[in-house]
Amino acid sequence: GTQDMMYQLNSLETALKQYFGYDNFRPGQRQIIEEALQNRDLLVIMPTGGGKSLCFQLPALLKPGLTVVVSPLISLMQDQVDALLDNGIGATFLNSSLGLSEIRSREMAILKNKIKLLYVAPERLLSEKFTPFLDKIALDVGISAFAIDEAHCVSEWGHDFRPEYRQLRQLRQRYPSVPMFGLTATATKRVQEDIIVQLGLKNPGVHIASFNRPNLYYDVRPKQQRSYDQLLKYIRTQKGSGIVYCLSRRNVDEIAFRLQKDGISALPYHAGMTDEARTLNQTRFIRDDAQVMVATIAFGMGINKLDVRFVVHFDLPRNLESYYQESGRAGRDGEPAKCTIFLGFGDLKKIEYIIEQKSNPQEKKIAQQQLRQVINYAEGTECRRTIVLRYFGERFQGNCDNCDNCRHPQPVEDWTIEAQKFLSCVARCRERFGMSYIIDVLRGSNSRRIEQNGHHLLSTYGIGKDRTKEEWKNLGRSLIHQGLVDETSDGLPVLKLNSRSWEILRKQRSVQIAIAQKSAENVLGKYNP
Ligand code: ADP
Ligand code: ZN
């Protein structure tokens, strides 16, 4: 019954956490995995970076036997196997880059049942030498599935046809009872049909995962001085129940308390409370005894409330992945719902401070990069949906008409000339500096660093005196958000020209930017990573 289902769902979640360290499945993943566990053939279409691999990796770990993964590129195999080994998962690959003795020892490990995932190139898999080994695997340890990655390579209609993929059909004939998965990012109907036919998939479960949630309205508001009052006003204009996420337990308690005093039925939820108190509050929220749950990120995992009408981030989310998951708890019934970030300068400082405390340089770097992605979302003037979906590799054409930027586009101005000055200064500084430095050169600052680098002699030195620092920053950030210049994301951010920057420099492209509104400027203009 339902109880069993819940148990099964939770155990999949437990396995996800245990093997991969993730808290939530992404769209499509859970259902795909459930079908894989039922030994169904599958066709999985998901944008690149969407998380296809997990769809065969987790079932491979949960089923007896070996899953054979067909992958076209040696470098891809290496990366995936390394990532699995890092997670302590038995995985290996066989390809032409390996010596004979290495191959023998890997084959031994497979036959000793020490490996759950084997990556192979298609031409090897179907070679005369390999098939007896495959038969032996089937007999000794069992083959749990064939996962065909980049399955569009089987189709002449795709963009990357590989004749050796056509041979994969033999797998179906030779091992008719082993389930087969085709995975690709190619979304055309023709290619999808071709994959099914060419691989001989039997009544496959077809999953076309999109990360788009059309019923969610996204917006970002600059936090005002009296931010609590602003939140209260916001909640009073919403219908139905909602979640307010805060960073700290103290804030959760305080805001829940103040909302109660102001007549909103709000409850707190955080890891500092007893299990009983938390469960009680959760139940009351789910049953609509309370309208608002004020919570830390401890709240939400696996909760089953479909009619959440709004999710507010009163503090900045940690990264876009968690923002997608947390905001995604709104509107699961498909009805309109709202996802709002209240963005404050102080919050950025707080998060920066937390990141600064990290002692592991690698962790610090990742956290900085993630913060930058969140800021790019929050500051962006582009369709919010486009930004979120881009993070998952999904292309979205914009103009969703369901986010603040699409509904209330900010006034734009033509800044092509300024952009040319800015970009040519980036070029003359040899693409080795960040935004503040470039702006200093443009505005003719007499800093010692500029002099030491000899940049006071550049033709672009001082040609931007007519604009303020804030105006240049607004331009610089717009160029980054619109993809008209790149900002490196490892180490200190450095500006690099891309092909679009060159089009601007060659006067083949014009630049429109939104003029920062005063209130937003005060909050955002100060932030300079
Ligand atoms: P694809 O094969 O679809 O291009 P990958 O399987 O390589 O994408 O996944 C892309 C990234 O997403 C990887 O870094 C992976 O670890 C991450 N990822 C996948 N599933 C999840 C999840 N449920 N939660 C968080 N990250 C995930
Ligand atoms: Zn939009």
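Reader: Which residue in β6 stands opposite Leu42?

Author: That's Phe181. Before we go on, this is a predicted model: local features need pLDDT of at least 70, side-chain atom pairs count only at pLDDT 80 or more, and totals for chains, interfaces and linings use all residues. Residues are numbered from 1 along each chain as its sequence is written, while chains are lettered from A and ligands numbered from 1 in the order in which they are written.

Reader: What makes β1 and β6 a pair of strands?

Author: Strands are DSSP runs of E, at least two residues long, and helices are runs of H or I with at least four, numbered from the N terminus. Two strands pair if DSSP finds at least two bridges between them. Strand β1 (residues 42-45) and strand β6 (residues 180-184) have 4 bridges, in the parallel sense, so they meet that definition.

Reader: Why do β3 and β7 stand at the edges?

Author: The open sheet has 7 strands in the order β3-β4-β2-β5-β6-β1-β7, with parallel pairing. β3 (91-94) and β7 each have a single partner strand, so one side of each has no neighbour in the sheet. On average, neighbouring strands here are turned by 15° against each other, direction ignored.

Reader: Why does His207 count as partly exposed?

Author: A residue is buried with 20 or more other C-beta atoms within 10 Å of its own, exposed with 12 or fewer, and partly exposed in between; the C-beta atoms are placed from the backbone. His207 has 19 such neighbours, so it's partly exposed. You'll find His207 in strand β7 (residues 205-208).

Reader: And why does Pro361 count as exposed?

Author: Pro361 has 9 C-beta neighbours inside 10 Å, so it counts as exposed. It's part of helix α16 (residues 361-379).

Reader: What is His207 in contact with, leaving aside its neighbours within four places in sequence?

Author: Contact means that two C-beta atoms, placed from the backbone, lie within 7 Å. For His207 the list is Gly28, Gln31, Ile32, Leu42, Val44 and Ile45.

Reader: What makes α19 roughly perpendicular to α22?

Author: Helix α19 (residues 416-428) packs on helix α22 (residues 469-481) at about 80°, with axes 11 Å apart. Axes are lines fitted to C-alpha atoms, for helices over the stretch in contact, and angles run from 0 to 180 degrees between N-to-C directions. Under 35 degrees counts as roughly parallel, over 145 as roughly antiparallel, 65 to 115 as roughly perpendicular and the rest as oblique. That's why α19 is called roughly perpendicular to α22.

Reader: Which residues meet where α19 and α22 pack?

Author: Glu418, Ala419 and Phe422 in α19 meet Trp472, Leu475, Gly476 and Leu479 in α22. They divide into 5 nonpolar, 1 polar and 1 charged. Ala, Val, Leu, Ile, Met, Phe, Trp, Tyr, Cys and Pro count as nonpolar, Asp, Glu, Lys and Arg as charged, and the others, Gly among them, as polar.

Reader: How do you know that both faces of strand β11 are covered?

Author: In a regular strand the side chains alternate between the two faces of the sheet. In β11 (residues 292-295), Val292 and Val294 on one side and Met293 and Ala295 on the other are all buried. β11 runs parallel to β9 (residues 241-245), joined by 4 bridges, and 4 bridges join β10 (residues 266-269) to β11, also parallel. Opposite Ala295 you'll find Tyr245 and Tyr269.
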